[in-house]
Amino acid sequence: MLRYVYADQLSQFPKLAASMFHDRADQFKTRLGWEVNVDETGAERDEYDAMNPLYVIWEMPDGTHGGSMRFLPTTEQTMVNDHFTHLMGGGTITSPLIWECTRFCLNRDAPSRVAAALMLGGGEIMNGFGVKHFVGVFDARMVRIYRMIGSSPEVLGSQGEGRDKISVGLWEFAPEAQAKVAARAGVSLELSRLWFDRAFGRGAVQQLACTG
C-alpha cells in the first residue's frame with residue numbers, strides 16, 4: 001500500500017522509515033556509486049530530509065520499504081535550485097504550483113509495479129494539493145523506467161552523454177495518464193484515492209497545502 005508521511009511523522013513508522021533510508025544507501029551508494037552520506041547504521045540521509053519533506057512510500061506486506069519518493073515545494077530550499085541550476089542555463093524554479101521530487105528509490109527486491117504505484121501517488125499529490133508540475137533531476141537509467149510507467153518528463157536541460165547523462169525534467173499528470181499508470185501499478189483509482197484520503201482527510205488537504 002501507499003503511505004504519505006511527512007518527515008516529522010516517520011517516528012510513527014520505525015520499521016518502514018529505517019528500511020527506506022537503508023534502501024536509499026543500497027541504491028544510491030552501493031549500486032549507483034553516488035557520493036552520498038551514509039551513517040554508521042547504514043542509512044542514507046541528506047540536508048533535505050531535515051526540511052520536513054513529504055514522502056510517498058510503498059509499504060510491503062511485512063511493513064518494510066518497497067519504494068519511495070520525496071517531495072518539497074519549490075518555494076522552499078530545493079536540490080534543483082541549490083545544485084543543478086547549471087542544467088537550466090543558470091535559472092531557478094520557484095512556484096507554489098511546482099514541487100520538487102527527489103530520491104526516487106526502489107528496494108532491489110520490490111515488484112516491478114512499485115515504480116508505477118509511486119508515480120500514482122505523485123498524481124494524488126498533484127490532485128489533492130493543487131500542484132501543476134513536479135521538477136526533478138534524473139539520470140539516463142531512469143528514462144526507460146519513466147517510459148515504461150507512462151510518465152515521461154519534459155526535459156528542461158541536460159549535461160553529459162550516454163549513461164553519464166543527467167537532466168532536469170518537468171512532469172505533469174493528466175487524467176488519461178493517471179489511468180494508464182494505475183493500470184501498470186495494478187491499483188484502482190478508487191483505492192489510490194482512499195490511501196490519500198486516509199493520510200490527509202478530504203477536508204484537510206487544502207489547509208495542509210497552505211501551511212506546508
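This is a predicted model: local features need pLDDT of at least 70, side-chain atom pairs count only at pLDDT 80 or more; totals for chains, interfaces and linings use all residues.
Buried means under 20% relative accessible area, and exposed means over 50%. Helix H4 covers residues 141–149, and its buried residues are Met142, Ile145, Tyr146 and Ile149. These four lie on the same side of H4, because they cover an arc of only 100 degrees around the axis. Arg144 and Arg147 are exposed, and they sit on the face of H4 turned away from its buried side.

## Helices H3 and H5

Two packed helices are described by the angle between their axes and the distance between the axes. For helix H3 (residues 113–129) and helix H5 (residues 175–185), the axes come within 8 Å and cross at roughly 145 degrees. The crossing of H3 past H5 is left-handed.

Which residues make the contact? On H3 they are Arg113, Ala116, Ala117, Met119, Leu120, Glu124 and Asn127, and on H5 they are Gln178, Val181, Ala182, Arg184 and Ala185. Sorted by class, the contact has seven nonpolar, two polar and three charged residues.

## Val181, a residue of H5

Val181 belongs to helix H5. Is Val181 buried or exposed? Its relative accessible area is 0%, so Val181 is buried. Leaving aside residues up to four places away in sequence, Val181 touches Ala116, Met119, Leu120, Ile149, Gly150 and Phe173. Among these, Ala116, Met119 and Leu120 also belong to the H3 side of the contact between H3 and H5, and Ile149 is one of the buried residues of H4.

Val181 and Lys15 are 166 residues apart along the chain, and their C-alpha atoms are separated by 28 Å.

## Aromatic pairs

How many aromatic pairs does the whole structure hold? A search finds 15 of them. One of the pairs is formed by Phe21 and Tyr55, with 6.4 Å from centre to centre and 90 degrees between the planes, which makes the pair edge-to-face. This pair links distant parts of the chain: Phe21 is in helix H1 (residues 14–31) and Tyr55 is in strand E2 (residues 54–59), 34 residues apart. Phe21 is buried, with a relative accessible area of 3%, and Tyr55 is also buried, with a value of 1%.

Ring pairs also join Tyr4, Tyr6, Trp99, Phe129, Phe196 and Phe200 into a cluster.

Most residues other than glycine have a negative phi. Asn52 has a positive phi, near 55 degrees, although it is not a glycine. Asn52 is in the loop between H1 and E2, and its relative accessibility of 27% makes it partly exposed.

Arg103 is another residue other than glycine with a positive phi, here near 50 degrees. The location of Arg103 is strand E4. Is Arg103 buried or exposed? At 11% relative accessibility, Arg103 counts as buried.

Gln12 lies in the loop between strand E1 (2–6) and helix H1. The relative accessible area of Gln12 is 56%, so this residue is exposed. From Gln12 to Leu170 there are 158 residues along the chain, and the C-alpha atoms of the two are separated by 32 Å.

Phe84 is in the loop between helix H2 (79–83) and strand E4. Although it is a loop residue, Phe84 is buried, because its relative accessible area is 18% and the cut-off for buried is under 20%. Which residues does Phe84 touch, not counting residues up to four places away in sequence? They are Met79, Val137, Ile166 and Val168. Phe84 and Ala7 are 77 residues apart in sequence, and from C-alpha to C-alpha they are 24 Å apart in space.

Terms used
Residues are numbered from 1 along each chain as its sequence is written. Side-chain values use heavy atoms; hydrogens and water are left out. Axes are lines fitted to C-alpha atoms, for helices over the stretch in contact, and angles run from 0 to 180 degrees between N-to-C directions. Helices (H or I, at least four residues) and strands (E, at least two) are DSSP runs, numbered from the N terminus. A crossing is left-handed if the near helix is turned anticlockwise from the far one by less than a right angle, and right-handed if clockwise. Contact means heavy atoms within 4.5 Å. Ala, Val, Leu, Ile, Met, Phe, Trp, Tyr, Cys and Pro count as nonpolar, Asp, Glu, Lys and Arg as charged, and the others, Gly among them, as polar. Buried means under 20% relative accessible area, exposed over 50%, partly exposed in between (1.4 Å probe, protein chains only). The arc is that of the directions from the helix axis to the C-beta atoms. Rings of Phe, Tyr and Trp (its six-membered ring) pair if their centres lie within 6.5 Å; planes under 30 degrees apart count as stacked, over 60 as edge-to-face and the rest as tilted.
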